[in-house]
Amino acid sequence: MRTCRSGSQLLAAFTACTRRQTVLTQSSAVRKHHNTFDSVAAEMASTTAAAPEGAKENRARRDLLLSIQAQAQKQWEDEKVFEADAPVDGDRPKFFGNFPYPYMNGLLHLGHAFSLSKLEFKAAYERLSGKNVLFPQAFHCTGMPIKACADKLDRELTTFGCPPVFPSEEAPAEEEAADGAAAPAPGAPEAKADPTKFSGKKSKAAAKKGSGTTQWQILKQSGIPEEQIPDFRNSAHWLNYFPPLAARDIRSMGCGVDWRRSFITTDVNPYYDSFVAWQFWTLYRAGKVIKDKRYAVYSPLDGQPCADHDRASGEGVGPQEYTLIKMQALELNGKLSALAGAGPVYLLAATLRPETMYGQTNCWVLPEGQYGAFRGLNGEVWICTQRAALNLSYQERTPVRGQPELLLELSGSDLIGTPVSSPHCPHPRVYVLPLLTILTNKGTGVVTSVPSDSPDDYTALMDLKKKPKLREKYGVKDEWVMPFEVIPIIDIPGFGNMAAVKVCEDMKIGSQNDTAKLAEAKQQVYLKGFTDGVMLVGPHAGRRVAEAKPLIREEMLGAGAALLYSEPERQVISRSGDECVVALTDQWYMTYGEEEWAAATREALQRIETYSDDTRAQFQFCLGWLQQWACSRSFGLGTRLPWDPQYLIESLSDSTIYMAYYTVAHILQKGDMYGKDTGGPVAPQQLTPEVWDYIFLGKEAPRDCAIAPEVLAAMRREFEYWYPFDLRVSGKDLIQNHLTFALYNHTAVWAADASKWPRAIRCNGHLLLNSEKMSKSTGNFKTLHEAILEYSADAMRWALADAGDGLDDANFETSTANAAILRITKELTWIEECLAPGSGLREGPSDALLADRVFSNAIDVAIAATRDAFERMAFREALKAAAYELGNARDVYRLACGPDGMHRQLVMRFIEVSTLLLLPFTPHTAEHVWRNLLKREGAAVTAGFPAGSPPDSILQRAGAYIEDLIPTLRKAIAKAEAPPKKKGPGPAVPPPRVASLHVFVSERFVGWQERVLGALAPRFDARTRTFAADTNASVLEAAKQDPALSSLADKQLKQAVMPFAKFKMEEAAAAGAQVLDVKLPFSEVDIVQQSLPYLLRALKLEALQVHLVTDPGVGELAASVRADPAGAYPGSPVFGFVMEAAPAAQ
């Protein structure tokens, strides 16, 4: 075994070493990615500049941890500690956890590390607990992102030269967006994406990318030398460059990954390509994949649907469907006269409320808005915005797909005053009027006006009626406005038959400029109108709006008076840089949402552990809206649809059951993540669907199979042993797609064997860096490699564990990582001192002192609390119990022992237990302590979780009693020794001094307090730590039975009783039911007497005596020291002091 120098020696050595650092470039990292354990000096790239707070000592301490890290990782690699195989005989308990393979279009960052750490901590705990642990890791390359990035770089270099000279920071991105809108892929096959209306709160992709950032700059910021950047124009180069670096960083983090099972996706890897083809054959034969024509968010530049992972912004956005009301222009005046003879001209007004058309009084346009007259179907001319026309052209609403024909450019001012005839309008003609709040990036830019039910319409119409100067400004004639009054069409309970009028009057909304009030008014009226409103006019009068709305819409569509129209709910930008539209596409879909399949998936969700009610609720919500999903693409990277090879399988569809492939990847690929070595026991072409059926579905072995029977048997044994996976860890943003897709696909592929369905999914929030969103554009960003070099893996992992759990955003604090460096290295120094000869540790019985027993119990408490937290994946709690609380117990023990010294046996147990409890967080340091300091054989990571006796809660409370008593007594002594106020001229009187202390304790609560506790105890729920609703009444009734309080009026009774009752209720909520006992489970007198030497040292007293308030003569003694024994309660003693005058001044 390699010997290790002491911490002080290593600190001195590394202080000198940091002056001789050399930079390890990423290009050399790619060439040497299989050699993770280069010298520490070579690994520490650019760390001098990145050193925390520039502290040389901290750099030396950090360098010590990096040295320990390299040694531990070398030992694990040599001993193949993390390689796990299915046992040939027996059934050893197993744990199979996995983390979504990261996308390989850049370096891993702290956000990846945060989610990954959740799996790493859990896997390390399970391995330490004796389970056979499989933690594999692959890398995702499927889909558009890599291809889009490569193409983007190629366009930049073609346009701006190599190296590029950009005209500005913003121009390249703007030109690409313009190119994307103008150059859709000609003749590209049609496709379809998620047709739901779910909208995520934000796009992670957008959060990662600053506006105007070029691909050249992104790669340069990743540390890639400029001379190598042109190579990234070839998408294959990305696959060769980034996966080895990701593996390097995960290794450096200390994750217990079985790297034999690593792989990349796409048809570059023939083994994985065969697996995905089998998956889709299985789904296709089960009827889960169909071809259909649907609306999808679509990239004109790419010529195919744009799913979540294909987007630079707009993740989670789906199509929004509108009804377009065709309002025919009755006169073509002014600029519109150029359209005479072109066919009937219609203004297309987008609405979500076709049932309200019975109340139209006018039509709105934005005066400064840009519109156009476009060629529609059946010889018609349609007026709308360019953006709306482009969407329509991809929905089979124009003569040529994707190419709206512009007949005439128009502004909103050109349209004002045009008389139109609108379907269901009670007036034969209404007029186009100006509305200043129209958004031309929503709908068509043309809006119908129904002032009876729209607060916006009502206030705008009233503005025009009441303000002649406003009419004059926009050239609005009186006859276009003044004759038109509000028309009642819907009766809404609480709002009447003119809801908009009522709500505007009630809220005192004075004009269309009161935007905040109008938004609130609209929310009140619209929802209530849909759910409770009743139609007053038309053929459906008397029907509820919810019933009449779809009927009215279908009638208008059938009569040719309206069109269906869809657009993205909000802006979506593809990774190729163009703004997406909604297109009607004909392609392959997964039939998510189909009733029988959805029911099976809901059953799978019921079975799994989610560790959070919020996580389960988000899954349930997603299962409620998710419908057909486009699973194919026209180009990009990936696997071809086996029955229709013109299409590729998209990136969210080839990543749903790949966890099963992990179980056999090492046999097929022999540790080569690319699957290039096809000369092993299985050739890719031998992996027929029948072979995969045998491995994963338990079917008969195929006849005349070229694969050796023992190899087939080994692959099936691996799958049957490891599956299902026990845990999948992921960010919460993947619930709405990948994670729900994974549940669906498992219930389809293993429909006949629910035992293969997932067992647990644990989600987390996003990671902030120093309380701010991570962003390359602001510089608040760290790659995983940078963080490890700056803090060491163990200190970084410590800060990740402390960052937070749950679905809320967590916070990585650099101050915590820096503090961890100091804490870990100081702990190493302390351990070395304890293990060194002459350490001053006590021998003999290990329970001679109360402090010994309390400390031994504290170790047991830490073991139990840490195990419980790891089981619940509450890692911040585990860190608190294993590091902070146990460390504090050691510090208290050291003080309590004083000159007697800590006991050697207990100190050795503490070192061993704390090392193993912290091992999931600081595995490198733990390995160093285990092997090099404690001289134990074998790896610490498999040493076994510490064993302890059941915690003694009574002893724990006794120890806490003493620790709480010391600061309480200190405050009392300080108050007693406070100098008296100076009176008159003369010299100040010196303050008195406490010579000795008397502590008076009460064994139990008596009288009405005992009755109050008797009422509280049965009404306390120990699980929720809450009290029943009738608790206060029961407490007062119980107290009233005491003779001392029975004569009090109710108000006086409350004043006497409730402060005590409230205090005990709050105490119970914090500490549990034990505080409601009428008597402490230990003797305060005994505990104080056993702790007397510690108390005297801590309080700097010469004498301290403890008395029961029931002891003979206590009353006289208490009176002599001015103490009131009646104020003593169990756990809350009172004190009296024997004072002496301060020494006379010399």
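Which helices each supply at least two residues of the lining of the largest cavity?

First, some ground rules. This is a predicted model, where local features need pLDDT of at least 70 and side-chain atom pairs count only at pLDDT 80 or more, while totals for chains, interfaces and linings use all residues. Residues are numbered from 1 along each chain as its sequence is written, and side-chain values use heavy atoms, with hydrogens and water left out. When I say helix (H or I, at least four residues) or strand (E, at least two), I mean a DSSP run, numbered from the N terminus.

Now, back to the opening question. The helices are H27 (814–835), H29 (875–897), H30 (904–918) and H31 (923–933). H27 gives the largest share of that lining, five residues. In total, 18 residues line the largest cavity, and Trp798, Glu827, Ser914, Leu918 and Thr922 lie nearest its centre. The space inside is about 260 Å³. Searching the whole structure turns up six cavities of 30 Å³ or more. A cavity here is a set of points, on a 1 Å grid over the protein atoms alone, where a 1.4 Å probe fits but cannot get out; lining residues have an atom within 4 Å of a point. Grid points are joined across faces, edges and corners, and the volume is the space filled by probe spheres set on the points.

Next, please find strand S1, residues 94–98. Five of its five residues are buried, meaning under 20% relative accessible area with a 1.4 Å probe, protein chains only. Lys94, Phe96 and Asn98 point one way, and Phe95 and Gly97 the other.

What does S1 pair with? Strand S2 (132–134) is one partner, parallel, over three bridges, and pairing requires at least two bridges found by DSSP. Phe95 has Val133 in S2 as its bridge partner. From S1 the chain crosses through helix H5 (110–128) to S2, and this β-α-β crossover is right-handed: with the strands pointing away from the viewer, the path from the first strand over the helix to the second runs clockwise.

Is Glu126 buried or exposed? Its relative accessibility is 5%, so Glu126 counts as buried. Leaving out residues up to four places away in sequence, Glu126 touches Phe95, Lys131 and Val133, where contact means heavy atoms within 4.5 Å.

My last stop is an open sheet of three strands, ordered S31-S28-S32, with mixed pairing. S31 (1103–1108) and S32 (1134–1140) are the edge strands, each pairing on one side only. The twist averages 20 degrees from one strand to the next. S28 (993–1001) and S32 are antiparallel, joined by seven bridges, and Ser996 stands opposite Val1138 of S32.

Two helices lie across this sheet. H32 (953–976) covers S28 and S32, at about 45 degrees to S32. H37 (1092–1099) lies across S28 and S31, at about 125 degrees to S31. Those angles run from 0 to 180 degrees between N-to-C directions, with axes fitted to C-alpha atoms, for helices over the stretch in contact.

Note on methods: Buried < 20%, exposed > 50% of the residue type's maximum accessible area, 1.4 Å probe, protein only. 1 Å grid on protein atoms, 1.4 Å probe; cavity = no way out; pocket = protein on both sides within 12 Å on 5 of 7 lines; lining within 4 Å.
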